[in-house]
Amino acid sequence: MNNAQRVLLTTYLPLTVLILLSEYRYSQAGIMAWLKITVSICLALSAISLRKNYPEQKLMAAAFAFMALGDFFFVIPPLLGDWSRTTIPIGIASFVVAYIFLILAFRKDASPGKEELWIALPIIIVIVCLGVLLFPFVDLRLFIGMVIFAVLLGYMTLNAVATISRGYYSTESAWLIAMAGILIFASDMRLAYEALYPVGRGLISLGSNYVRGPFVVGWALLSLVVAEYRLLKTTRLNWRR
């Protein structure tokens, strides 16, 4: 682990713990929402400012920029009393662009087969179960948009996890990418459940900060990949030289 990675790890993991603990005391306070968006923006600025030795890291940094933009349009307008139909689509569109950049970065040496089918299976099951659960509570147009977004998110997660077996990235980087993809997927699925399933909110709701926690950890892990000096397998590094 290099110095840049140590700084990122020691900065953002404690902030994640702070966000999780704040659920018990400050869950309704505007100051916590400002803290959450500040963390997202700082993560994006960190990823953008890091030295990048590979084009894949530049793609990931671009994803960070759109992630922060999307987060801004989801978090800030409600604090200012403006939760309009305009800000929500902008936030969703920004995350769509972010996930497209991640797919472009992760989908290296893709070779669809049985192994990747087994990776896709639990992702598909989660998306289908959540879709069945939410369908009675949402407008049809919103539901169609959710399905499109979920497919894109699921495809990003599939490619993230599959980096472990594809052998394009170094072992350490591939595991970081896989864990980041899973945490981002879990966070978005949980967010959809929290926001759109009113019955569930009163029964087993874990609170908004438990959506934010995996989100921050996932992107923080991805920032470690952006800061990695040896991103690819050694054989591929030699080939590039």
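Modeller: Residues are numbered from 1 along each chain as its sequence is written. In this predicted model, local features need pLDDT of at least 70, side-chain atom pairs count only at pLDDT 80 or more, totals for chains, interfaces and linings use all residues, and side-chain values use heavy atoms, with hydrogens and water left out.

Biologist: How many helices and strands are there in the protein?

Modeller: Ten helices and zero strands. Helices are DSSP runs of H or I with at least four residues, strands are E runs of at least two, and numbering starts at the N terminus.

Biologist: Why are α6 and α7 called roughly antiparallel?

Modeller: The axes of α6 (residues 140-166) and α7 (residues 171-196) cross at roughly 160° and come within 6 Å. Axes are lines fitted to C-alpha atoms, for helices over the stretch in contact, with angles from 0 to 180 degrees between N-to-C directions. Under 35 degrees counts as roughly parallel, over 145 as roughly antiparallel, 65 to 115 as roughly perpendicular, and the rest as oblique. α6 and α7 are therefore roughly antiparallel.

Biologist: What is the hand of the crossing of α6 and α7?

Modeller: Left-handed. That term applies if the near helix is turned anticlockwise from the far one by less than a right angle; clockwise gives right-handed.

Biologist: Which residues of α6 meet α7?

Modeller: Among them are Leu142, Met146, Phe149 and Leu153 in α6, and the α7 side includes Trp175, Ile177, Phe185 and Met189. Contact means heavy atoms within 4.5 Å. By class, the contact of α6 with α7 has 17 nonpolar, four polar and one charged residues. Ala, Val, Leu, Ile, Met, Phe, Trp, Tyr, Cys and Pro count as nonpolar, Asp, Glu, Lys and Arg as charged, and the others, Gly among them, as polar.

Biologist: What makes α5 and α6 roughly antiparallel to each other?

Modeller: Their axes come within 9 Å and cross at roughly 155°. The angle therefore makes α5 and α6 roughly antiparallel. The crossing of α5 and α6 is right-handed. Eleven nonpolar, four polar and three charged residues form the contact of α5 with α6.

Biologist: How do you know that α5 and α7 are roughly parallel?

Modeller: The α5 and α7 axes cross at roughly 10° and come within 11 Å. α5 and α7 are therefore roughly parallel. The contact of α5 with α7 holds eleven nonpolar, no polar and no charged residues.

Biologist: Why is Trp175 called partly exposed?

Modeller: Trp175 has a relative accessible area of 46%. Buried means under 20%, exposed over 50%, partly exposed in between (1.4 Å probe, protein chains only). So Trp175 is partly exposed. Trp175 is in α7. Its C-alpha is 9.7 Å from that of Leu221, 46 residues apart in sequence.

Biologist: What makes Asn3 exposed?

Modeller: Its relative accessible area is 56%, so Asn3 is exposed. Asn3 lies in α1.

Biologist: Which residues touch the most other members of the largest nonpolar core?

Modeller: Met60, Tyr99, Trp219 and Leu222, in a core of 61 residues. Such a core is a set of buried Ala, Val, Leu, Ile, Met, Phe, Trp, Tyr and Cys residues joined through side-chain atoms within 4.5 Å. Leu222 touches Met60, Phe64, Leu102, Phe106, Ile177 and Ala180, not counting residues up to four places away in sequence.

Biologist: How many of the 241 residues are buried, as a percentage?

Modeller: Buried residues make up 46%.
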